[in-house]
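Subject: The structure we talked about

Hi,

Here is the structure I promised to pass on to you. Have a look at it first, and then read on for what turned up in it.

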Amino acid sequence: MDPMTEASDNSQRDFPVDTSINKAQMIVSSDEIHSGVGVLDKAVKILEALEAGPATLGQLVVATGLARPTAHRLAIALERHRFAVRDQHGRFVLGSRFAELAAAAGEDRLLTAAGPILQTLLDRTGESAQIYRRQGDQRVCIAAVERPTGLHDSIPVGAILSMQAGSAAQILTAWEESEQMHRGLRHSKFTVQTLAMVRRRGWADSVNEREEGVCSVSAPIRNGSGQVIAAISISGPSGRMGPTPGRRYAPYVMAGGRYLTETLAKASARQ
C-alpha cells in the first residue's frame, strides 16, 4: 500500500587551543584498542572524540592526547575523505561519509527506507524533501530529493545546518530532555511554547526562520524504542508554500514519518 495514501486522503586552517572541552571528550577508555597500526589507532581516537560532538583542534588534542601537529594532520586527512567536516564555527564534526557507507552496507535501515518515501513526498507536494539527524549542536542532512525544475530549496546530503532555526530543528529539539532542550533554546528563533505545540500536534513548520523566503514542514521519525532520532521535512519558497505551510503539508510529512517509524520498529522487533 502506498505509505502516503493516508496523507493524500486527509489533504583549512589552524585554530587556537580551546580548553573548554566537553566532559565526555575527556574520558579515556581503559579498554582502548591497539590494532598494531599506529596511524589507524590515532585516526580512530579523533573520530571517537568527534562522536561526543563538535571539537576545535585544541579540544581534539586534549581529548586524544595526541601531539597538536599529529591531531591536525589526521583531522585534515579525515576531512579530505569526508569522514570529518567543519561546521559554521570552524569546528570538526563527523562527516557524511559514514552515512554513505552505512547505506551501502545496508546497515542503516532508515537510509535504506528513506529514498522511496522522500520521492513520494516530492511527488505529492511538489517540494524538495529531506531527512535530518542531530549531530552535536548542529543537524545534518542524511538523505534528500530535490525538484528537478523551478525554484527550490537546495540542501545536499551532508549539509550541516543550525539547530537554532527551521522546522527540522524544532522537531529534533522538542522531545529532548528538559535540561538539554532549554540549553538549546538560548539562542534559538523558536521558543519553549513553540516546542510544546510541536509535541502536541506532532509536526512543526517555519516561515522565513532559517532563511528569508524559505518555508519548511517537518515531522519526527522514531526508533524501535520510541525515541525521536530524525526529522523528515519538505522545504521550498514561501511564495509557493504559503504563510501557513503546516496546514497544507503536515499530513503528508507526518505520514512519511509514521511509515519510517513503523519500518524501524518492525526491523527492531525482528532482531
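Let me start with a question: does Glu 79 count as buried or exposed? Glu 79 has a relative accessibility of 14%, and the cut-off for buried is under 20%, so Glu 79 counts as buried. Please keep in mind throughout that this is a predicted model.

Glu 79 has a charged partner, too: Arg 86 forms a salt bridge with it, and the closest N and O atoms are 3.3 Å apart. Arg 86 is buried as well, with a relative accessible area of 14%.

**Other salt bridges**

How many salt bridges does a search of the whole structure find? The count is 8. Another of them links Glu 179 with Arg 183, where the closest N and O atoms lie 3.8 Å apart. Both residues belong to helix H8, which covers residues 178-184. Glu 179 and Arg 183 are 4 residues apart there, about one turn of the helix.

Arg 201 is partly exposed, with a relative accessible area of 27%.

**The strands around S4**

Now go to strand S4, residues 138-145. Why can we call S4 largely enclosed by the rest of the structure? The reason is that 7 of its 8 residues are buried.

S4 pairs with strand S3 (residues 128-135) in the antiparallel sense, over 7 bridges. To find one of these places in the viewer, look for Ile 131, whose bridge partner in S4 is Ala 143. S3 and S4 form a hairpin with 2 residues between the strands, and in this hairpin Gly 136 takes a positive phi near 65°.

S4 is also joined to strand S5 (residues 160-162): the two run antiparallel and share 3 bridges. Here Arg 139 has Leu 161 in S5 as its bridge partner.

How values were computed
Residues numbered from 1 in each chain as written. Predicted model: local features only at pLDDT ≥ 70, side-chain atom pairs only at ≥ 80, totals over all residues. Heavy atoms only, no water. Buried < 20%, exposed > 50% of the residue type's maximum accessible area, 1.4 Å probe, protein only. Pairing = 2+ DSSP bridges. Salt bridge = Lys/Arg side-chain N within 4 Å of Asp/Glu carboxyl O.
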